Amino acid sequence: VQLQASGGGVVQDGGSLGLSCAASGSIISINEMAWYRQAPGNKRELVAAITRSGITNYADSVTGRFTISRDNAKNTVYLQMNSLKPEDTDVYYCNAHVITRGFFNAMPYWGRGTQVTVSS
């Protein structure tokens, strides 16, 4: 299973960016999908998560500014980030709990990080 993230970049304070992450491989089903972020030397933290049925969960710091969504048919998760702040600058990682052929339990997979930089 591979997770391919895209959409990072540089944006000004108050701007918007959208991230996407597509899963591919021998996928039977994907349970929870999520976005995490991590700055150098810091612990990776949850930004937002979404269940297969669409129930969402957000970090307090992004509630009301970020929106997570997913397309189950495309095995893709999205993160729309609005009203970005310099403190949102981080490397963003997508995560998915995937059930693959031959396995009954979902396993976590990570995509490569994508850099988001918000300039003041």
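Trainee: In which strand is Thr100 found?
Mentor: This is a predicted model, in which local features need pLDDT of at least 70, side-chain atom pairs count only at pLDDT 80 or more, and totals for chains, interfaces and linings use all residues. Residues are numbered from 1 along each chain as its sequence is written, and side-chain values use heavy atoms, with hydrogens and water left out. Strands (E, at least two residues) and helices (H or I, at least four) are DSSP runs, numbered from the N terminus. On that basis, Thr100 is found in strand β9.

Trainee: How many helices and strands does the chain have?
Mentor: From the N terminus on, the elements run β-β-β-β-β-β-β-β-β-β-β. The count for the chain is 0 helices and 11 strands.

Trainee: What is the radius of gyration of the chain?
Mentor: The radius is taken over C-alpha atoms, and the globule rule is 2.2 Å times the number of residues to the power 0.38. The C-alpha atoms fill a box of roughly 50 × 25 × 20 Å along the principal axes. For 120 residues the rule gives 14 Å, and the chain is close to this, so it is as compact as a globular protein of that length; its radius of gyration is 14 Å.

Trainee: What percentage of the residues in the chain is buried?
Mentor: Buried means under 20% relative accessible area, exposed over 50%, and partly exposed in between (1.4 Å probe, protein chains only). The chain has 120 residues, and the buried part of them is 38%.

Trainee: Which residues does the disulfide join?
Mentor: A disulfide is a covalent bond between the sulfur atoms of two cysteines. Here it is called from a pair of cysteine sulfur atoms within 2.5 Å, and by this rule the count comes to 1 disulfide. With S to S at 2.0 Å, the joined residues are Cys21 and Cys94.

Trainee: How far apart in sequence are the parts that Cys21 and Cys94 tie together?
Mentor: The link of Cys21 and Cys94 is right-handed, with 50 degrees about the S-S bond. Both Cys21 and Cys94 are buried. Cys21 lies in strand β3 (residues 17–24) and Cys94 in strand β9 (residues 90–100), so the parts tied together are apart in sequence by 73 residues.

Trainee: Is Asp90 buried or exposed?
Mentor: Asp90 has its place in strand β9. Contact means heavy atoms within 4.5 Å; not counting residues up to four places away in sequence, Asp90 touches Arg37, Gln38, Ala39, Thr114, Gln115 and Val116. At 9% relative accessibility, Asp90 counts as buried.

Trainee: Which residues is Thr100 in contact with, leaving aside its neighbours within four places in sequence?
Mentor: Thr100 is buried, at 10% relative accessibility. Thr100 and Gly8 are 92 residues apart in sequence and 28 Å apart in space, C-alpha to C-alpha. The contacts of Thr100 are Val1, Ser26, Ile28 and Tyr109.

Trainee: What is the relative accessibility of Val1?
Mentor: Val1 has its place in the segment before β1 (2–6). Leaving aside neighbours within four places in sequence, Val1 is in contact with Ser24, Ile27, Val98, Thr100 and Tyr109. Val1 counts as partly exposed, and its relative accessibility is 35%.

Trainee: What is the relative accessible area of Ala73?
Mentor: Ala73 has its place in the loop between β7 (66–71) and β8 (76–81). Ala73 and Val98 are 25 residues apart in sequence and 14 Å apart in space, C-alpha to C-alpha. Ala73 is exposed, with a relative accessible area of 76%.

Trainee: What is the phi of Asn75?
Mentor: Most residues other than glycine have a negative phi. Asn75 is found in the loop between β7 and β8. Although Asn75 is not a glycine, its phi is positive, at about 50 degrees.

Trainee: Where is Ser83 found?
Mentor: Ser83 also has a positive phi of about 50 degrees although it is not a glycine. Ser83 is partly exposed, with a relative accessible area of 41%. Its place is the loop between β8 and β9.
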